[in-house]
Amino acid sequence: STQSTWGPNPHPTMKFRFCGDLDCPDWLLAEISVISKMAALRFRFVCLEVVNEICGTPTDYARIGKSVADLDFEVGDIKATLAAVAYILSHAAQYNVDALVLGKEIQQLGLPKENSDQLCRVYSESLVRLRQHLSEQSLTLSRFASATWRVDCVLGGSSANLATATSNSAPPAAAPASQFDLVAVLRVCLRDDTAHVFEVDATKLRVLLFELRTARSMMVAAV
């Protein structure tokens, strides 16, 4: 971490690598004093649970509650502790902070060395897993699942309604239109499948195919 001062009445402020070279949030400072009460081995268990939670495994609050029963933690205290540890681990992984640097910084925040060593050990063991998960969850596009299509022949030149010829002198058919049902799985904001339906005529379909093939060629060339 580094120190910086500003203004006519300077007050030194600490900058931390795991915070993106910014100040440590006040709420995290408050939780450090709570975390400091935990025994080192129990704290390691909490850190492992937090790593699993970050990577998508539901947290067993009852199990964690038993491990800290002697500290008289309420459910809110347990959740706040997990949030603090998750902040440290996820942000350190995001900024790819070295474990030694992380250990020094959280000790500067008041975490005992024994607890700091356990957190850094879990961090080192899980760094690749954390970074892979974070990269999968950040700045991702909607994942394509499937597509169906059909060709509708619009009679009478109407683009709004489909009709069936019922006389010998049926009006001339308009150009066929292709309708696609695209299902995109939105993994972050939405949990369910979202269907997008649109219609294109023959000219727009050729343009769409050309652009999709061009985009695919660029993606293959970039790999």
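Modeller: pLDDT is the predictor's confidence in each residue, from 0 to 100. This is a predicted model, in which local features need pLDDT of at least 70 and side-chain atom pairs count only at pLDDT 80 or more, while totals for chains, interfaces and linings use all residues. Residues are numbered from 1 along each chain as its sequence is written, and side-chain values use heavy atoms, with hydrogens and water left out.

The protein chain has a mean pLDDT of 76, with 68% of its residues at 70 or more. Helices (H or I, at least four residues) and strands (E, at least two) are DSSP runs, numbered from the N terminus. Confidence is lowest in strand E1 (residues 2–4), at a mean of 45, and highest in helix H5 (residues 99–108), at 94. Residues 2–12 have pLDDT below 50, and this stretch makes 11 contacts (heavy atoms within 4.5 Å) beyond near neighbours in sequence. Residues 180–192 are also below 50, but that stretch has 44 such contacts in the model.

The protein chain has 7 helices and 5 strands, in the order β-β-α-α-α-α-α-α-β-β-β-α from the N terminus on. Of its contacts with a separation of 6 or more, 61% are between residues 24 or more positions apart. Of the 223 residues, 30% are buried (under 20% relative accessible area; exposed is over 50% and partly exposed in between, with a 1.4 Å probe and protein chains only).

Now the cavity. On a 1 Å grid over the protein atoms alone, a cavity is a set of points where a 1.4 Å probe fits but cannot get out, and lining residues have an atom within 4 Å of a point. The structure holds 1 cavity of 30 Å³ or more. The largest cavity has a volume of about 40 Å³, which is the space filled by probe spheres set on the points, with grid points joined across faces, edges and corners.

The lining consists of Met38, Val46, Ile64, Val68, Phe73, Ile78, Thr81 and Leu82. Helix H4 (residues 75–94) supplies the largest share, 3 residues. The lining divides into 7 nonpolar residues, 1 polar and no charged (Ala, Val, Leu, Ile, Met, Phe, Trp, Tyr, Cys and Pro count as nonpolar, Asp, Glu, Lys and Arg as charged, and the others, Gly among them, as polar).

Leaving aside neighbours within four places in sequence, threonine 59 is in contact with Glu53, Ile64 and Leu82, and the lining includes Ile64 and Leu82. Threonine 59 sits in the loop between helix H2 (40–54) and helix H3 (61–67). Because its relative accessibility is 16%, threonine 59 counts as buried.

At 48% relative accessibility, glutamine 94 counts as partly exposed. Beyond four places in sequence, glutamine 94 is in contact with Arg131 and Leu134. The C-alpha atoms of glutamine 94 and leucine 134 are 7.3 Å apart, although 40 residues separate them along the chain.

In the loop between H4 and H5 lies asparagine 96. Asparagine 96 has a positive phi of about 50 degrees although it is not a glycine, and its relative accessible area of 43% makes it partly exposed.

Note on methods
On a 1 Å grid over the protein atoms alone, a cavity is a set of points where a 1.4 Å probe fits but cannot get out, and a pocket is an open set with protein on both sides within 12 Å along at least five of seven lines; lining residues have an atom within 4 Å of a point.
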